[in-house]
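Please look through the sequence and the structure shown here before reading on. The paragraphs that follow are meant to be read with both in view.

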Amino acid sequence: MISIPHKTKQFLVLLIKILIVGGAFWFIYNQLANNDKLDWQKFITLFQKNQSVGGITFVLLLSVLNRYFEILKWQNLAQHIHKISVSESTKQVLAALTAGLFTPNGVGEYAGKALFFKKSEAKKVVFLNLICNGIQMVLTVIFGIFGLLYFNSLFNVITPKTVLILFGILIAVILFLFSIKKFAIKGYSIEKLIHKINEIPKSIHQKNILLGICRYLVFSHQYYFLFLAFDVDLPYLTLIATIASVYFLASSLPTFQFLDFAVKGGVAIYFFGILGVNEWIVVFISTLMWFLNVVLPVVIGSYYVLNFKTKTVIA
């Protein structure tokens with residue numbers, strides 16, 4: 001095995017930190033400065049018309065709560081390995097978010113969190129992070145399906161027959177997966193996965209689900225209140241169902257964190273276009289959601305990345 005000198009190792013770690021943080025800020029600037037669909041003049045005019053210190057504070061508070069619930073989720077799950085404080089969980093979540101900015105569906109977050117634990121615990125960390133993100137995806141699917149059904153009942157985007165066919169396919173896939181649960185690929189099977197999930201105490205799962213629901217409600221209602229701020233006057237259920245549908249479909253598409261707003265924005269334009277909402281409003285709100293819930297946490301996470309030291313990894 002090739003031995004890397006300590007000085008060289010320090011330089012490489014510093015270089016990786018600078019590349020991660022520098023790349024993050026470059027992508028953020030590039031997306032905000034070069035998006036021709038963002039009409040900043042319209043935004044400034046509307047902002048000056050409806051500006052409210054209370055309203056801005058409330059929207060920012062929802063962003064803090066959104067990330068705070070994610071931090072509590074990770075603290076809750078990480079205790080299966082060993083207990084960590086809220087501040088330590090904050091450091092791990094935000095640093096991992098920054099590291100995962102350039103990877104498909106935030107896969108880099110898994111490696112980012114694993115760096116804070118012993119090498120022997122890496123597999124457990126990846127598995128727990130899968131549980132952490134998995135419950136959020138399950139909730140997105142559940143709320144999204146109900147949202148789509150409600151939206152479709154109002155606008156008949158697809159026929160009832162097609163809805164039944166899609167549900168039939170979904171049920172068939174679930175039954176098929178459980179019928180082959182003992183089938184293993186490289187030692188991994190659905191049965192083994194279920195067994196590993198059951199090894200985690202029920203109290204941790206219950207808290208994870210509760211925090212996941214809280215985070216979903218905060219995130220979706222932040223979107224809702226931004227539409228109200230942009231003078232979009234639609235019934236509550238219609239707007240919430242549309243938001244749930246957009247997040248469900250957008251989350252099903254493979255993407256990168258730094259392109260998150262573009263993917264969600266594209267799906268949102270279609271759905272909100274049916275509701276008659278102006279395209280530039282949809283694009284702006286999608287961009288604001290991305291800025292508030294990805295860009296701001298990444299800025300803070302960059303501090304943790306730059307201050308990360310390999311010798312501080314939990315022993």
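**Salt bridges and the helices that hold them**

The count of salt bridges comes to four, where a salt bridge is a side-chain nitrogen of Lys or Arg within 4 Å of a carboxyl oxygen of Asp or Glu. This is a predicted model, in which local features need pLDDT of at least 70 and side-chain atom pairs count only at pLDDT 80 or more, while totals for chains, interfaces and linings use all residues. Residues are numbered from 1 along each chain as its sequence is written, and side-chain values use heavy atoms, with hydrogens and water left out.

The protein has twelve helices and zero strands; helices (H or I, at least four residues) and strands (E, at least two) are DSSP runs, numbered from the N terminus. Of the 315 residues in the protein, 42% are buried, and here buried means under 20% relative accessible area, exposed means over 50%, and partly exposed lies in between (1.4 Å probe, protein chains only).

The closest N and O atoms of glutamate 70 and lysine 73 are 3.5 Å apart. Glutamate 70 is buried, with a relative accessible area of 3%, and lysine 73 is buried as well, with a relative accessible area of 0%.

In helix H4 (residues 86-99), glutamate 88 and lysine 91 also lie three residues apart, about one turn of the helix, and their side chains meet in a salt bridge at 3.5 Å, N to O. Glutamate 88 counts as buried at 18% relative accessibility, whereas lysine 91 is partly exposed, with a relative accessible area of 31%. Helix H4 as a whole is mostly covered, since ten of its 14 residues are buried, and among them are Val93, Leu94 and Leu97. The length of H4 can be checked as well: at 1.5 Å a residue, its 14 residues should span 20 Å, and its end C-alpha atoms are 20 Å apart, which agrees. The expected span used in this check is 1.5 Å times one less than the number of residues in the helix.

Helix H8 (residues 190-199) holds lysine 196 and glutamate 199, again three residues apart and about one turn of the helix. They form a salt bridge whose closest N and O atoms are 4.0 Å apart. Lysine 196 is partly exposed, with a relative accessible area of 35%, and glutamate 199 counts as partly exposed at 42% relative accessibility. Elsewhere, salt bridges that share partners join Glu70, Lys73 and Arg215 into one network.

Arginine 215 is buried, with a relative accessible area of 15%. Leaving aside its neighbours within four places in sequence, arginine 215 is in contact with Asn66, Arg67, Phe69, Glu70 and Gln136, where contact means heavy atoms within 4.5 Å. Across the protein, among contacts between residues at least 6 apart in sequence, 75% join residues at least 24 apart.

**The surface and the cysteines**

The protein exposes about 17700 Å², and carbon and sulfur atoms supply 70% of it; accessible areas come from the Shrake-Rupley method with a 1.4 Å probe, and for residues only the protein chains shown count as cover. On this surface, Tyr150, Leu154, Phe155, Val157, Tyr236, Leu237, Tyr270 and Ile274 form a nonpolar patch, with about 700 Å² of accessible area together. Patches are made of residues with over 30% relative accessible area and no salt bridge, with like charges joined within 9 Å and nonpolar side chains (Val, Leu, Ile, Met, Phe, Trp, Tyr) joined within 5 Å. Which element gives the most to the nonpolar patch? Helix H6 does, with three residues. Phenylalanine 155 has its place in helix H6 and counts as partly exposed at 33% relative accessibility.

A disulfide is a covalent bond between the sulfur atoms of two cysteines. A search of the whole structure finds zero disulfides, the rule being a pair of cysteine sulfur atoms within 2.5 Å. Cysteine 132 is buried, with a relative accessible area of 0%, while cysteine 214 counts as partly exposed at 26% relative accessibility.
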